[in-house]
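This report goes from the chain as a whole to a few of its residues. Please keep the sequence and the structure in view while reading.

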Amino acid sequence: MLAIMKLLQNMQKTFKFLVSAKEKFGYNYWDVETTAGTVSMVLNNPFSNIRSLEDGRIFIADMDGNCFIIPDPKKLDRQSYKYIEIYI
């Protein structure tokens, strides 16, 4: 079980900063810089796709099922934090 947990942690993408964001027809299109490089994600409902966890981290799941973690939202750059803050 511990090996599975470590594997999942290594596969998890960590959100670094928001490169660009736009909204079109009710969908949010984000380009973000992560530990896995630049990723494009689509959120159909950010209020349900972005979750604040008990330990202060933020969990984001896009429409394709990809998961992203923001370990400490306060350490994000100002633009990224202001955009995400609306949904948490």
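## Burial and surface

In this predicted model, buried residues account for 30% of the 88 residues in the chain. The accessible surface of the chain amounts to about 6000 Å², and carbon and sulfur atoms contribute 54% of that surface.

## Order of the elements

The chain contains three helices and six strands, and, read from the N terminus, these elements follow the order α-β-β-β-α-β-β-β-α. When contacts in the chain between residues at least 6 apart in sequence are considered, 28% of them join residues at least 24 apart.

N28 lies in strand β2, which spans residues 27-34. This residue is classed as buried because its relative accessibility is 2%, and buried means under 20%.

Leaving aside residues up to four places away in sequence, the contacts of N28 are K22, E23, M41, V42, L43, P46, Y83 and Y87.

## The salt bridge

The structure has one salt bridge, in which the side chains of R57 and D55 come together at 2.8 Å, taken from N to O. That pair qualifies because the cut-off for a side-chain nitrogen of Arg and a carboxyl oxygen of Asp is within 4 Å.

As for the two partners, R57 has a relative accessibility of 29% and therefore counts as partly exposed, whereas D55, at 52% relative accessibility, counts as exposed, since the limit for exposed is over 50%.

Methods. Residues are numbered from 1 along each chain as its sequence is written. This is a predicted model: local features need pLDDT of at least 70, side-chain atom pairs count only at pLDDT 80 or more; totals for chains, interfaces and linings use all residues. Side-chain values use heavy atoms; hydrogens and water are left out. Buried means under 20% relative accessible area, exposed over 50%, partly exposed in between (1.4 Å probe, protein chains only). Helices (H or I, at least four residues) and strands (E, at least two) are DSSP runs, numbered from the N terminus. Contact means heavy atoms within 4.5 Å. Accessible areas come from the Shrake-Rupley method with a 1.4 Å probe; for residues, only the protein chains shown count as cover.
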